[in-house]
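Thank you all for coming this morning.

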Amino acid sequence: MSEVIVVTSGKGGVGKTTTSANIGTGLAILGKRTVMIDTDIGLRNLDVVMGLENRIVYNLVDVVEGNCRMKQALIRDKRYPNLYLLPSAQTRDKSAVNPEQMMKLVDDLQDDFDYILLDCPAGIEQGFKNAVAGAGRALVVTTPEVSAIRDADRIIGLLDAGQMKSIHLIVNRVRHDMVRRGDMMSVDDVMDILAVPLIGAVPDDEAIVISTNQGEPLAGTDTAAGQAFMDICRRLLGEDVPLVLPNVSFGIFSRLTSFLKRA
Amino acid sequence: MRYSRTSVLRRKRSGAIAAKRLKSLLAADQTGFPPEVLEMLKDDLFRVISRYMDADASRLELFVRRSDETASEEDDGCPAALYTVIPVRSLRLKGTIA
């Protein structure tokens, strides 16, 4: 049996696809048989971030509609033989698939993989419902911004209501220089506000832009973001990896409120 | 941009502003109450506390936690709990009451 993880956020543009690509790559590096599923039907992107866009023949909708077998649609990664991508369809829309079909799709992959990673589309409509349907665990990606955190809170509420068993937070694009001078919320502040356990924080790193340009995820490389994603993967496997981010909080009262919220 | 020394010291850092705005925003989102109703509630809470001690209205916080996070035997059956943090400048009772 595999663990099924959905990467979601509510707001678009916070780094869901980058996070999916890097966590998928990281899990593969750690020796896990991993498949990434791009569930963003109509706005396919995970293939491009992985650098696999030229190898697509069949897609998720083809599998669901029975136009091909699962094995024909799965694309093996360029670098890691235990990593696969099931690409999304670019010329269809979200209504092409329903949650039941998605659950069956995930179920068909259970025997062949240790980890099934679902890259969720932005929003809270059909695409979100499809992506979370088969998942037992959710990673909510946010950035330290008011709009992203507000949407993350909405998503967490929906995941709670949908009985999601495990919900963890990833704070992406943290700029320590700005946190230090008080012009960005710290990881602690974001955790206090959302009251969801943290699984990792990823620094804002220009290496991410370069990696996306090249179509090669950073996990496994000697970059700040690459290291942060590898740490997240190790925590997913149950390892106790300490968080090394410098945390600056806004004084005693934010500490007190966080204490009260945890109590 | 140039700041005089006093304006730099006086400027409230935007990270703290963001955190404060988010807390009221999420309280409104989660309760479904309009933000102005929550402001009224905060004002009332502040007024009550201020009768007894020197509270700091600018830092009063109000937030909601869903029941699965607050679950305990006492609040059994409640879907959510309302929390407030009211910083006080001094714990000494105000003269008129003492």
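Let me begin with contact: two residues are in contact if their C-beta atoms, placed from the backbone, lie within 7 Å. What you see is a predicted model, where local features need pLDDT of at least 70 and side-chain atom pairs count only at pLDDT 80 or more, while totals for chains, interfaces and linings use all residues. Residues are numbered from 1 along each chain as its sequence is written, and chains are lettered from A and ligands numbered from 1 in the order in which they are written.

With that settled, please look at helix 5 of chain A, where A:P99, A:M102 and A:M103 meet A:K129, A:N130 and A:A133 of helix 6. By class, this contact has four nonpolar, one polar and one charged residues, where Ala, Val, Leu, Ile, Met, Phe, Trp, Tyr, Cys and Pro count as nonpolar, Asp, Glu, Lys and Arg as charged, and the others, Gly among them, as polar. Helix 5, residues 99–109, and helix 6, residues 126–133, both of chain A, pack at an angle of about 35 degrees with their axes 8 Å apart; here axes are lines fitted to C-alpha atoms, for helices over the stretch in contact, and angles run from 0 to 180 degrees between N-to-C directions.

Turning to the strands, chain A has an open sheet of eight strands in the order 3-4-2-5-1-6-7-8, with mixed pairing, and two strands pair if DSSP finds at least two bridges between them. Which strands are at the edge? They are strand 3 (75–76) and strand 8 (198–203) of chain A, each of which pairs on one side only. Elsewhere in the sheet, strand 1 (residues 3–8) and strand 6 (residues 137–142) of chain A run parallel and are joined by four bridges, and the bridge partner of A:V6 in strand 6 is A:A138. Helix 11 of chain A, residues 224–236, lies across strand 7 and strand 8, running at about 170 degrees to strand 8.

Finally, taking chain A as a whole, its secondary structure comes to twelve helices and eight strands, and its C-alpha trace spans about 60 × 40 × 30 Å along its principal axes.

Key
Helices (H or I, at least four residues) and strands (E, at least two) are DSSP runs, numbered from the N terminus.
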